[in-house]
Amino acid sequence: MSELNLKQFEKKLKIRLLEIKDYEAITFLQKKCFPKMKPWSPEQFKSLVTVFPEGQVCVEYDGKIIASASCMILNFDEYSSVHNWNEITNGGFITNHDVNGDTLYGIEIMTSPDFRGLKLSRRLYNERKKIARSFNLKRIVIGGRIPGYARHSSKMSAREYIEKVVSKELIDPVLTPQISNNFVLIRLIPDYLPSDKESMGYATYLEWTNIDYDPHSSKSFSNKPEYVRVCAIQYLMRQLKDFKDFAKYCEYFIDVASDYRCDFILFPEMFTTQLLSFMKPERPGIAMRRLSEYTPKYLQVFTKLAIKYNINIIGGSHFTLEGNDLFNISYLFRRDGTIGKQYKIHITPSERKWWGVKPGNKVEVFDTDKGKIAILICYDIEFPELSRIAVEKGANIIFVPFNTDERSAYLRVRYCAHARCVENQVYTVIAGCVGNIPAVENLDIHYAQSAILTPSDIPFERDGIAAECSPNIETLIFHDLDVNLIKRQQKLGSVLNWQDRRKDLYSIHFKEDEKNLEM
């Protein structure tokens, strides 16, 4: 099998600013989402993207706009709490946008009904929160539609309707996701947009408070927390019926991690070998090459799940044939639909003996929407030079998918992963398999205690353990890691392991892309 071109499996989901050339695509989407309402005029749309371009964003999927959001900045105290849409947006032209204001006001958000289920609302609300933080704004205010109300208006008042939505007795396609994105309902606004027949003219007044708001400065400070929520799966190896069975278990964990708003989810090394449990038994070397036949399906499924659940997935590792060579590869499935991969660089004696695995030759550091990360597969974390290279390239978190059969093997990974935290002042996340699959030779038993590890210093968790699983049961853990804290500790910690390296005495020499490099 030749090396797979990952581009053919990617589904490009991109969040970008709107441009004037997007007018037709946006009005087409408006007509699809709000068929009974008048879309933007060319003059209104031009004014939006000219007056406050940073506040007009869209989600693009394989080159097609499938969602968008528009907002503006106001000094909200200048407006009545029972304002209407025309007043607050100056007729939809936002010429009253005030860059010195304290409030980000959301004037429209829409998601294509053909692409619901991709967490598009969450992505757009997260973009608004980023805008609020970047402009150091006190809050976000929304005048939200309640398009489900018309169907219930003969039975209840608007107030009764929103109370039932808040208490989960009813679901409103707009208000329900707003509440789930941490907006607080303040009051009901009558006659907000009379042309909105589905909402009977009503809107809800909702707020999100920016806890990073600094009333004394418009600048953001690097000493403010910048949290990344990571999740590690301690995965049970089990007998499977078919590939769909495997995909079902994976989606379950991804769904759970997404519900807890995790930015990354880490699966264990070689967890795809459980696919061999429903395949015809073969000699180990042949079996792993047969396993590689599922690589296209594996890539398709995980790319789809990363987009659907709005989460970056480190897909454990999977044996992949490239030409005649078998590699142990960890794939990164970003939530924008793009894919990266890290080859295992150090091959264990067992992998060489049983399967004939070949080594990779490069430490990759991946750009993500939550900063730079690295992936070191199991044995690779036991070689400190690789972590040094990764951190020198900018990685703040090192993800370590591992697969170990008994406690002493596990502890080699655990102790070395923690040592890398101390040496480089970074975070490591380790995830392993548990359970038994007797039908698969050389992978019959597993031992793991997955963990999220930190440097050992005063600002971090006791014992340098942010979270850890109970040993040898199927479960998951998650934790918020402060990336800015890592950057500060590298300069201001009790000890400065990273800064105090004696480069006058020693350095790392390595080869990369046919070049001799030194760090």
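This is a predicted model: local features need pLDDT of at least 70, side-chain atom pairs count only at pLDDT 80 or more; totals for chains, interfaces and linings use all residues.
1. All five of the five residues in β11 (residues 318-322) are buried, so the strand is largely enclosed by the rest of the structure. Both of its faces are covered: H318, T320 and E322 are buried on one side, and F319 and L321 are buried on the other.

2. The partner of β11 is strand β12 (residues 325-333); the two run antiparallel and are joined by five bridges.

3. Seven strands make an open sheet with mixed pairing, in the order β1-β2-β3-β4-β5-β7-β6. The edges are β1 (13-17) and β6 (184-189); each has a single partner strand, so one side of each is left without a neighbour in the sheet. From one strand to the next, the twist averages 25°.

4. E60 deserves a look of its own. This residue lies in strand β2. Is E60 buried or exposed? Its relative accessibility is 15%, and because the cut-off for buried is under 20%, E60 counts as buried. The E60 side chain makes a polar contact with the side chain of R16, at 3.0 Å. Leaving aside residues up to four places away in sequence, E60 touches K12, L13, K14, R16 and I65.

5. Back to helix α5 for a moment. Its buried residues are A158, Y161, I162 and V165. Seen down the axis of α5, these residues fall within an arc of 90°, so they line one face of the helix. Just after the helix, K168 takes a positive phi of about 70°.

6. The other open sheet has six strands in the order β15-β16-β17-β18-β20-β21, again with mixed pairing. Here β15 (365-368) and β21 (465-468) are the edges, each with a single partner strand, so one side of each has no neighbour in the sheet. Neighbouring strands are turned against each other by 20° on average, direction ignored.

7. Inside this sheet, strand β17 (residues 397-401) and strand β18 (residues 427-431) pair in the parallel sense over five bridges. P401 stands opposite A431 in β18. Helix α12 (residues 407-424) lies across β17, β18, β20 (451-453) and β21, and runs at about 165° to β18.

8. Which residue does the side chain of R414 meet in a polar contact? R414 is found in helix α12, and the contact is with the side chain of Y410, at 2.6 Å. R414 counts as buried, with 9% relative accessibility. Not counting residues up to four places away in sequence, R414 touches I430, Q449, A451, L453, I465 and E468.

9. Helix α13 (residues 483-492) is also worth a visit. Its buried residues are V483, N484, L485, I486, Q489 and Q490. Their cover includes β8 (227-236), α11 (384-392), α12, β18 and β22 (475-482). At the start of α13, a side-chain oxygen of D482 reaches to within 3.1 Å of the backbone nitrogen of N484.

10. Finally, K515. This residue lies in strand β24 (residues 515-518) and counts as exposed, at 54% relative accessibility. Along the chain, K515 and N403 are 112 residues apart, and their C-alpha atoms are separated by 32 Å.

Key. Residues are numbered from 1 along each chain as its sequence is written. Side-chain values use heavy atoms; hydrogens and water are left out. Two strands pair if DSSP finds at least two bridges between them. Helices (H or I, at least four residues) and strands (E, at least two) are DSSP runs, numbered from the N terminus. Axes are lines fitted to C-alpha atoms, for helices over the stretch in contact, and angles run from 0 to 180 degrees between N-to-C directions. Contact means heavy atoms within 4.5 Å. Buried means under 20% relative accessible area, exposed over 50%, partly exposed in between (1.4 Å probe, protein chains only). A polar contact is a pair of N or O atoms within 3.5 Å; within protein, one must be able to donate a hydrogen and the other to accept it, and residues adjacent in sequence count only if both atoms are side-chain atoms. The arc is that of the directions from the helix axis to the C-beta atoms.
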